Amino acid sequence: MDIEQTETGDSLEPEASSGGLALAADVLPAEIVLLPQSTRPFFPGQVMPLLIDAEPWESTLKAVKEAKHGIIGLVLVKTENMDTLDTHDFYTMGTACRIHRVQKGEGKLQVLVEGVQRFRIQHWATKTPPFRARVEYYPEKHYQQISEVKAYAVAIINTIKELVPLNPLYGEELKVFLEHFSPDDPSNLADFAASLTTAGKEELQEVLETRHILPRLEKVLRLINKELEVARAQMKIREHVEAEVQTHQKEMFLREQLKAIQKELGMTKDDKTAEADRFRERIESLTLTETVQQRVDEELDKFSLLETGSPEYAVTRNYLDWLTLLPWGKHSQDRLDLDAAHAILDREHEGLDDVKERILEFLGVGIMKGEVSGSIILFVGPPGVGKTSLGRSIANALGREFFRFSLGGMRDEAEIKGHRRTYIGAMPGKFIQAIKSTGTANPVIMLDELDKVGASYHGDPASALLEVLDPEQNSDFHDHYLDVPFDLSKVLFICTANQLDTIPGPLLDRMEVINLSGYLASEKLAIAKKHLLPRVLQRAGLKKRGQLRIDTAALRRIIEGYAREAGVRRLEKYLGKIARKAVVKLLKGAQAPVRVRVTDVEEYLGKPLFERERHRSAVGVITGLAWTAMGGATLSIEATRIHSYTRGLKLTGQLGDVMKESAEIAYSFILSNADRLGVKPDWFKQAFIHLHVPAGATPKDGPSAGITMATALLSLARGRRPVRKLAMTGEMTLTGDVLPVGGIREKVIAAKRTGIRELILPEANRGDFEDLPEHIQEDMTVHFASHFRDVVPLVFERQAG
């Protein structure tokens, strides 16, 4: 037999047992049935129920029952998959247990077992369930009172004592242990202490396989101390959480007590009463109409009767909140100073003299009346010409609050007139929101992108605007949410649009239209120097103007080659691009200031987007003038004779229906009047003509190219090119009459930019040309034609005009 020796030399021999016969029940069989355990090993002395699946292990328990002795071996396995067990998955050491009770229910077996002795597997009798094996037992020894063993045992007992207060479950298990064993038995104590811990199955199996008492006690003491640390940490966390919960509960309880005391003493009010009082305080500072006052009183009476938890309470509260937050009767004082308004417009905008004059006339009428109201202004022009900023300048000149919102893409009528309160999340429309946001009943409200309002099954917002933008109706504007009239007649409405075609006629009739045609190159240059460049430098963090210098010639090159549109938005973008590149150079150590010359522009911005427009002069080629959303442009309309096999007309250049009709009218007119126009009578009989309008990728439409197309066809038929450098625009009828067209300012500017100084315009557009600023009319020779016969000598005779 093995003898353990301590450092002190004390023997760990078992005590001599008295002789006697062993009971039949105490004799353990040499071959037993084994039941695998996947989670943790079972220790001798443990008494606990096992819950196992009935289907795979019922045969195992049946085999134990047939063996009569009621002993089963519980052995830990290395795998979690119990379906593919093999004998190699079993640990060699296990615990022989006596089965006391087996109960079956719902596919499970509950087996109450009691650990008896350790054993080691010697030989496998069967290698499939039910597993059987011959085993060797290791009975527990009764050790003498050795000081080292006793020290370990006392240490373990003391640790268990510390664990018990931290977790009541430990106390229950300790009670069961003391009922069956003596705490002076170190072997049973070690196994019991190990079973208390939540250590991993490998650590617990190592304790089970340690037969000698001292190493086993040492391992168990290490595990039980670790368990104590975990329990203390859990207790600390639980105490912290409980303390926080108790604190919150205490605060809530005290707060409720304080509310009750204050209410009893009349020092405070409940939430509903406080809300109602706040609404009444707001009303005192407002000038309500009789209708609105009556509605507010009714809603306050209803509000006082509602329970705070009812859905109607929140709806009524929100409604009263909106009603009392609106500035009923509150108006800001207008700054009626025409000179100050003129100074503000000049300071914030370059050029646009005719537009400024129209604005000052409008403001002057308001100053004469004593108030600016009753009119709606509509700024129409290409993007980037300053429509929105002009509206802001008008608000600054009048000293009024300014609110802007975009109508682009708006398809729901409720955006204008609000939602009815029956809907969840209902709220007023944009105009009432604007009034609330500005805090006055006479702000300047800007409606951007009026020409881009849509329509859908939700309604037509453009039709809803009719009431808002009608001075005769908007004094009693009814928002669906408020359901009481609000006076919008003191509001100055300013609208913007890029074109008038998509604006409904009834809506357009209610507005005073001011056209912003675009800027000349000289105006853009001044705007870039005075406004755009300082703003760009500030955004780029270039606080000192000396850090970046852009030559005037370079600015002209940017305007002509990269930003030729009517507005200045693209010009600002390119200046910003130059500023960003300059910042990078400065951060890399470049010497300040970074100077941009005309030769450096391509380095900063790449190749120019626009080449210089050239005036082309050839047979069948005539220069026309066109209006685009980006401003004016010149078009060289080309006509050529393809073959003489048959007669016909081919049109290319992505022409719209109206422009195709203009070409057909021009062809019909020239064909029917060939003899009077100096064309051989039989020239068109065998002439297939191709008429092209560059550039082919750009869609084009409109009637203003009529006389240009007719002139191109006449030039081709006569075989003569124009005798002078000129451009023309005008609609033509089948009888040769020249009708007026639009966009005269843009077209004249486009001609000047190309270097053309002689134009042919319809006689009916004489007034439009004469209304242009002098700096645009300067150096221009303009001929006015009322019939095509006025056009022919101007194009083909040198002494004409």
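User: Which residues of α23 are buried?

Analyst: Some ground rules come before the answer. This is a predicted model, where local features need pLDDT of at least 70 and side-chain atom pairs count only at pLDDT 80 or more, while totals for chains, interfaces and linings use all residues. Residues are numbered from 1 along each chain as its sequence is written, and side-chain values use heavy atoms, with hydrogens and water left out. Buried means under 20% relative accessible area (1.4 Å probe, protein chains only). Helices are DSSP runs (H or I, at least four residues), numbered from the N terminus. In α23 the buried residues are Ile744, Arg745, Glu746, Lys747, Val748, Ile749, Ala750, Ala751, Lys752 and Thr754.

User: At what angle do α11 and α12 cross?

Analyst: Axes are lines fitted to C-alpha atoms, for helices over the stretch in contact; angles run from 0 to 180 degrees between N-to-C directions. The axes of α11 (residues 353–369) and α12 (residues 387–398) cross at roughly 35° and come within 12 Å.

User: Which residues of α11 and α12 meet?

Analyst: Contact means heavy atoms within 4.5 Å. Val355, Ile359 and Leu363 of α11 meet Leu390, Ile394 and Leu398 of α12. An α-helix has 3.6 residues a turn, so residues three or four places apart point the same way.

User: How close do the axes of α21 and α22 come?

Analyst: The axes of α21 (residues 657–672) and α22 (residues 706–718) come within 8 Å, crossing at roughly 45°.

How values were computed
Buried means under 20% relative accessible area, exposed over 50%, partly exposed in between (1.4 Å probe, protein chains only). Helices (H or I, at least four residues) and strands (E, at least two) are DSSP runs, numbered from the N terminus.
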